Amino acid sequence: MPPPQDDTRFIEALTRHQPALEAFCHANLANREDAREVLQSTCVKLWQKAADWDPDTEFLPWAFTVARFTLLSHYRDQKRDRLVFDEDVIQAMAGEIEQVATAFDKRREALAKCMKKLDQRQRALLHDHYTVSQSLREIAEASGRSLSAVKMTLLRIRQQLSACIEREMRTNP
């Protein structure tokens, strides 16, 4: 038996916006494991509150509100640590972080478009270095190129991607 239509819309919205929620959590927490824990708790709370979400409204602002309260709860639990932000600081940062996290989705989409514009050799270099985690020295040895040539190529690709992303963001805000 398929899930009810509202459940399907909720799952689609949560899946689509999870990278922005993840960025929100990471921007608020220095510790990667804490950020993952808060993200997981946020997703659980969102699921528990799914019936409260109106599918005719924007999902992300509602999800950010739940994430903010989950984050505050996490900070209260961690209050014994010396380097914990005050609740007022968290509230002040929350609005800006929400905007950045929302922009994260748009930048990710722009990156995907720009990656398609690269030639296969450029995409392979990025893949080997960032996905496979090959060192630049290993890539240079495997390709028969000098280490400085590989570094310069990677720098130019990153500059090309950065410029392309900025153009995409200006034309599709």
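Good morning. The model is predicted, so local features need pLDDT of at least 70 and side-chain atom pairs pLDDT 80 or more, while totals for chains, interfaces and linings use all residues. Residues are numbered from 1 along each chain as its sequence is written, and side-chain values use heavy atoms, without hydrogens and water.

Let me turn to the pair itself. H2 covers residues 32-48 and H3 residues 59-77; their axes come within 9 Å and cross at roughly 125 degrees. Helices here are DSSP runs of H or I, at least four residues long, numbered from the N terminus. Axes are lines fitted to C-alpha atoms over the stretch in contact, with angles from 0 to 180 degrees between N-to-C directions.

Which residues of H2 meet H3? They are Asp34, Glu37, Val38, Ser41, Thr42, Lys45 and Leu46, where contact means heavy atoms within 4.5 Å. By class, eight nonpolar, four polar and three charged residues form the contact of H2 with H3.

Beyond its neighbours within four places in sequence, Leu46 touches Phe10, Leu14, Leu21, Phe59, Trp62, Ala63 and Val66.

Finally, the core. The largest nonpolar core holds 26 residues, and Phe10, Leu21, Leu46 and Phe59 have the most contacts inside it. Such a core joins buried Ala, Val, Leu, Ile, Met, Phe, Trp, Tyr and Cys residues through side-chain atoms within 4.5 Å, buried being under 20% relative accessible area with a 1.4 Å probe, protein chains only. H3 gives the most to this core, nine residues.

Methods:
Helix = DSSP H or I, 4+ residues; strand = E, 2+ residues; numbered from the N terminus. Nonpolar A, V, L, I, M, F, W, Y, C, P; charged D, E, K, R; others polar. Buried < 20%, exposed > 50% of the residue type's maximum accessible area, 1.4 Å probe, protein only.
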